[in-house]
Amino acid sequence: MKIGFIGAGNVGKNLARLFVTHNYDVILSNSRGPETLKSAVLELGAHATAATAEEAAQQGDIVVVTIPLKHYQQVPVAPLKGKIVIDTMNYYPERDGQIAALDEGKTTTSELLQQHLPESKVVKAFNSIFARDLITTSHSEGHPDRRTLPIAGDDTAAKTEVSRIINELGFDVYDAGPLKEGFRFQNGTPAYTIRANRDELIAALNKA
């Protein structure tokens with residue numbers, strides 16, 4: 001399976017590293033062009049390539065969007081038709097500018113992306129974990145310190161597949177419900193970046 005990445009910041013690179021260690025092929029892209037990703041590809045090894053965002057969207061069986069939220073409308077639409085799109089984005093007004101619909105609680109970040117990608121299957125995941133923790137808190141199934149990560153999405157089959165992948169990468173998964181419930185683990189909530197097992201995570205989500 002090939003995983004396309006639209007965005008190659010700290011979360012994107014560490015998540016790509018995690019995928020590569022589990023023998024997935026990754027296609028990295030950023031806004032500056034594939035030539036700027038040579039060192040990242042070299043570090044990740046034979047399972048990694050660099051491409052444009054359009055190419056990463058086309059080539060990826062599943063595509064991860066991990067860019068500043070303010071740029072979400074630049075995500076290619078046509079090549080993502082019918083695909084699972086993992087959304088790691090968070091809203092930071094000081095970086096992204098004020099987005100009235102989010103400020104007023106009328107929608108969530110992943111619902112904005114879903115509106116932009118109407119024929120894709122958006123699943124919110126990996127937004128509530130620090131980039132470094134993707135590597136340092138990943139454990140095999142059954143490990144006593146294994147962490148539970150929340151997801152949200154409107155497509156049940158897509159969530160099942162993303163849950164399978166997250167489990168393989170070293171984390172338990174809790175389905176928080178449809179995309180609109182993604183607010184429960186966005187930045188500023190008790191569940192954001194919490195290192196927790198299932199019961200602890202559920203308790204934190206319920207406080208939002």
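Modeller: What follows is a look at one helix, then a pocket.

Bear in mind that this is a predicted model: local features need pLDDT of at least 70, side-chain atom pairs count only at pLDDT 80 or more, and totals for chains, interfaces and linings use all residues. Residues are numbered from 1 along each chain as its sequence is written, and side-chain values use heavy atoms, with hydrogens and water left out.

So, helix α1 covers residues 10–21 (helices are DSSP runs of H or I, at least four residues; strands are E runs of at least two, all numbered from the N terminus). Its 12 residues should span 16 Å, and the end C-alpha atoms sit 17 Å apart, which agrees; the expected span is 1.5 Å times one less than the number of residues. Gly 12, Asn 14, Leu 15, Ala 16, Leu 18, Phe 19 and Val 20 are buried, meaning under 20% relative accessible area with a 1.4 Å probe, protein chains only. Those buried residues pack against strands β1, β2 and β4 and helices α2, α7 and α8 (contact means heavy atoms within 4.5 Å). After α1 comes Asn 23, with a positive phi near 70 degrees.

α1 also gives the largest share of the lining of the largest pocket, 3 residues. A pocket is an open set of points on a 1 Å grid over the protein atoms alone, where a 1.4 Å probe fits, with protein on both sides within 12 Å along at least five of seven lines; lining residues have an atom within 4 Å of a point. In all, 33 residues line the largest pocket, with Gly 7, Gly 9, Thr 66, Ile 67 and Pro 68 nearest its centre.

Conventions
Buried < 20%, exposed > 50% of the residue type's maximum accessible area, 1.4 Å probe, protein only.
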